[in-house]
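Colleague: Please take a close look at one part of this structure, the backbone in the loops. Then set that part against the chain as a whole.

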Amino acid sequence: MATIIGENLPNIPWQEPQGDMPVWRYKENPIIGRNPIENVTRVFNSAVVPFKGGFAGVFRGETNNGIPYLYFGTSADGIHFTFSKEQIVFHTKNDSAYKFEYAYDPRVVKVEDAYYVIWCDGKHGLPVLAIGKTTDFERFEMVSHPFLPFNRNGVLFPRKIDGKYYLLSRPSDNGHTPFGDIYISESPDLVYWGNHSRLMERGYEWWQGVKIGAGCAPIETSEGWLLFYHGATGTCNGFVYSMGAVILDKEDPRKVKYRCGNFILTPETEYETNGFVPNVVFPCSALADAATGRIAIYYGGADTYVGLAFTTIDRIVDYIVKFKR
């Protein structure tokens, strides 16, 4: 039986399985609807982590002028969130406030004693990854811009491997990208990155044939690193984004151990099929309880809402292996 390697988190959100699919939706979705913060029309594609017995998150907020920025929120139960009305301020080395052009699709992961925020940042009008950190979710500091433009979907591993940090990303362009593969890079210090290599290519399966991108921070398990990611297909009505899953080798995350050829969640409900960008399921964070094997996945729906879905380590690993490519 597969097991989760990590903390016991008995208070993560949970509902019992529904249906035969490996992942099932929270019955009360969406957990974050429209206009949740003053001057913010939509929150989606956001990241939640355990913090001080409850949960903290960094959220993508689309402001009323259409420009996205990052906001902070807290929750006792991982479902009902209270948000700060002010955008997150990141401090630079000279203690000045970093000036955002825009910021979107954050991921948050704890590595040792710090929480790292990785997001798509605007530099000279171009999308580029940025890394910041905090220890208390009160003061945030800029760390680096790890890569040149264009790049999106930055996901940091939750621990060092052989003394090095590992980061997943998708090199892209300034549009909706003909570059569609996930790359992996390593660093001794979160500033200087190298040894870049392609980890996963777009699939021949139609649901992930246009592009793929890393989603939640990898979850360490007895079978390897479990990664939830998104895949996009092209249709007559535009892209459709679904959720996939893969297991990477625990000691060498550059090796794909098992990759599921099927999606594990695809747009079906109103809050996934209807919104600012229809037909989007976009995973950004997951909570995993080592004691029970339960996993709660936060995902963006239709670039408008935040949804919550569930699985267990046994159920998702069995499904990945059964339908591996």
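Modeller: Strands here are DSSP runs of E with at least two residues, numbered from the N terminus, and helices are runs of H or I with at least four. The model is predicted, and what follows is computed from it. By that count the chain has 22 strands and 2 helices.

Start with the loop that joins β13 (182-187) to β14 (194-200), where Leu190 sits. Leu190 is not a glycine, yet its phi is positive, near 70 degrees. The cut-off for buried is under 20% relative accessible area; Leu190 has 3%, so it counts as buried.

Asn35 is in the loop between β1 and β2. Its relative accessible area is 53%, and a residue over 50% is exposed, so Asn35 falls in that class. Leu190 is thus buried, whereas Asn35 is exposed.

The loop of Asn35 also holds Pro30, between β1 (24-25) and β2 (40-51). The peptide bond leading from Asn29 into Pro30 is cis, and its omega is near -5 degrees. Another cis bond runs from Pro149 to Phe150, with omega near 5 degrees.

Now the chain as a whole. A compact globule of 325 residues would have a radius of gyration near 20 Å, and the 18 Å of this chain agrees with that. The C-alpha trace extends about 50 × 45 × 40 Å along its principal axes. Of the 325 residues, 58% are buried, a class that includes Leu190. Among contacts with a separation of 6 or more, 53% join residues 24 or more positions apart.

A disulfide is a covalent bond between the sulfur atoms of two cysteines. The structure holds 0 of them. For Cys120, the closest cysteine sulfur is that of Cys284, 12 Å away, which is too far for a bond. Cys260 has its closest cysteine sulfur in Cys216, at 15 Å, again too far. Cys120 is buried at 2% relative accessibility, and Cys260 is buried at 0%.

Terms used: Residues numbered from 1 in each chain as written. Predicted model: local features only at pLDDT ≥ 70, side-chain atom pairs only at ≥ 80, totals over all residues. Heavy atoms only, no water. Rg over C-alpha atoms; globule rule 2.2 N^0.38 Å. Buried < 20%, exposed > 50% of the residue type's maximum accessible area, 1.4 Å probe, protein only. Contact = heavy atoms within 4.5 Å. Disulfide = S-S within 2.5 Å.
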